Amino acid sequence: MKKRFSVATLIIACILSVALTAACLVGFFVMQYGGFDSFPFATKFAAIYNTIENDFVGDADMEAVSDAAYSAMIDTIDDRWSYYMTAEQYIEYQKYQQNNYTGIGITIEKDEESGLYRVVTVLEDSPASRAGINLGDLICEFDGQDLTGKTSSDIKELIAVKQDEVFKLKLRAQDGTEREVEVSAALIHSDPVEYEMLDDGIGYIKIKNFEIDSGEETIAAVDKLVADGATGIVFDVRNNPGGLLSELLKALDHLLPEGDIFVAADKEGNETVKTSDSDCVKIPMAVLMNENSYSAAEFFAAALSEYDWATTVGAHTTGKARSQVNIELTDGSAVHISTNSYLTPKRVDLAEKGGLAPEVPVSIGAEDEAKLASGLLEYDKDPQLIAALDEIKTLIEK
């Protein structure tokens, strides 16, 4: 005889099914988003989102509304080093970490007379060089859009979204004639480290950032200069925004003797210590730094200084001393958030100290600062570099 389910049994089964589903959803929410405490905030966000979408009389870009809300959440924790990135911004950030950028291969500086930007460098075999863009050209229009009064960041953003797309630039040559060229933005690699032997036999190493490959390239630069007979080395980390801990540690481990070179502390105060081996490079050194030397850059200077391995020259640094991680979200966006404090080998928190003060303070004028940022400040007109060279020469003579 076949058994039949009663109506009561079916009702109970349905109730149990709904309860089990709800329990699973709550369990998933707890595991993914940190517990029941965050549940009211998530439902409140959903309620506001639905109110705007369903009841607002005008038109609203709900993606922009959401992005603004996410960004505001991070802004409210009052940490200048933490921020939210849209999926598109996160893609650009990842390119930057690889020392890549979308562009046409030029460097520009403001022409005060016209309010436009002048081309001051053109990379070889770049989209710009192939399009016939020349040094000294003023960029007047971008696809018919007047660029008068635009910032350099505005122009970079206009170009960055045009990867593999052809666009037009109106240029004004130094003789005043104007022409239009077609160019396509491409992914361009920028070497994070540049070096050369200066006339007096002292090596100069410019570390632009501590992103991918910077550690190995710094090591290669040091070894090549030493092999070529350098009597001292100037490291330049001015305007260096920092980068990856792994790259910083490679450089410090190569330069410094055995001992602690990095200390990280989490929110509970637990420390993680990184050390250097006994292999080192013992040669007179100086480190150039300024107020735009952030994070790994100022830590690099501080570590060399604390070991009495280098003299710091220039201006007071930023005082960051916080490390961040990127937490990628399900839609490709990401949160860049501070998760650790880091301390110098002598356990100094540069954030609490307000940055690193140079042992040899040397100021630089606004005009020279702008040239330095554009890579146009000549060595013999750079007061900070001149001071660093003098320090090394003094050490050599001792």
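**Ground rules.** This is a predicted model, where local features need pLDDT of at least 70 and side-chain atom pairs count only at pLDDT 80 or more, while totals for chains, interfaces and linings use all residues. I number residues from 1 along each chain as its sequence is written, and side-chain values use heavy atoms, with hydrogens and water left out.

**The sheet.** I looked up the strands (DSSP runs of E, at least two residues; helices are runs of H or I, at least four; both numbered from the N terminus). Six of them form an open, mixed sheet in the order S10-S11-S12-S15-S16-S19. Two strands pair if DSSP finds at least two bridges between them. S10 (193-197) and S19 (360-361) are the edge strands with a single partner each, so one side of each has no neighbour in the sheet. S11 and S12 run parallel and are joined by five bridges.

**Helices.** Which strands does H9 lie across? I found S11, S12, S15 and S16 (311-314), with H9 running at about 150° to S15. Axes are lines fitted to C-alpha atoms, for helices over the stretch in contact, and angles run from 0 to 180 degrees between N-to-C directions. Next I took H7 and H8, whose axes are 7 Å apart at an angle of about 25°. That makes the two helices H7 and H8 roughly parallel (angles under 35 degrees). Contact means heavy atoms within 4.5 Å, and the residues making it include Ile219 and Val222 of H7 and Ala251 and Leu255 of H8.

**Cores.** A nonpolar core is a set of buried Ala, Val, Leu, Ile, Met, Phe, Trp, Tyr and Cys residues joined through side-chain atoms within 4.5 Å. Buried means under 20% relative accessible area, with a 1.4 Å probe and protein chains only. The largest core has 40 residues, and Phe300 is among those with the most contacts inside it. H9 (296-306) is one of the elements supplying at least two residues, and its eight residues are the largest share. Phe300 touches, among others, Ile207, Phe235, Leu252 and Val287. Apart from that core lies another of 21 residues, including Ile106 and Leu147.

Where is Thr344 found? I found Thr344 in the loop between strand S18 (334-343) and helix H10 (350-353). Thr344 counts as buried because its relative accessibility is 1%. Leaving out residues up to four places away in sequence, Thr344 touches Val263, Phe299, Ala302, Glu306 and Leu350.

Note on methods
Buried < 20%, exposed > 50% of the residue type's maximum accessible area, 1.4 Å probe, protein only. Parallel < 35°, antiparallel > 145°, perpendicular 65-115°, else oblique.
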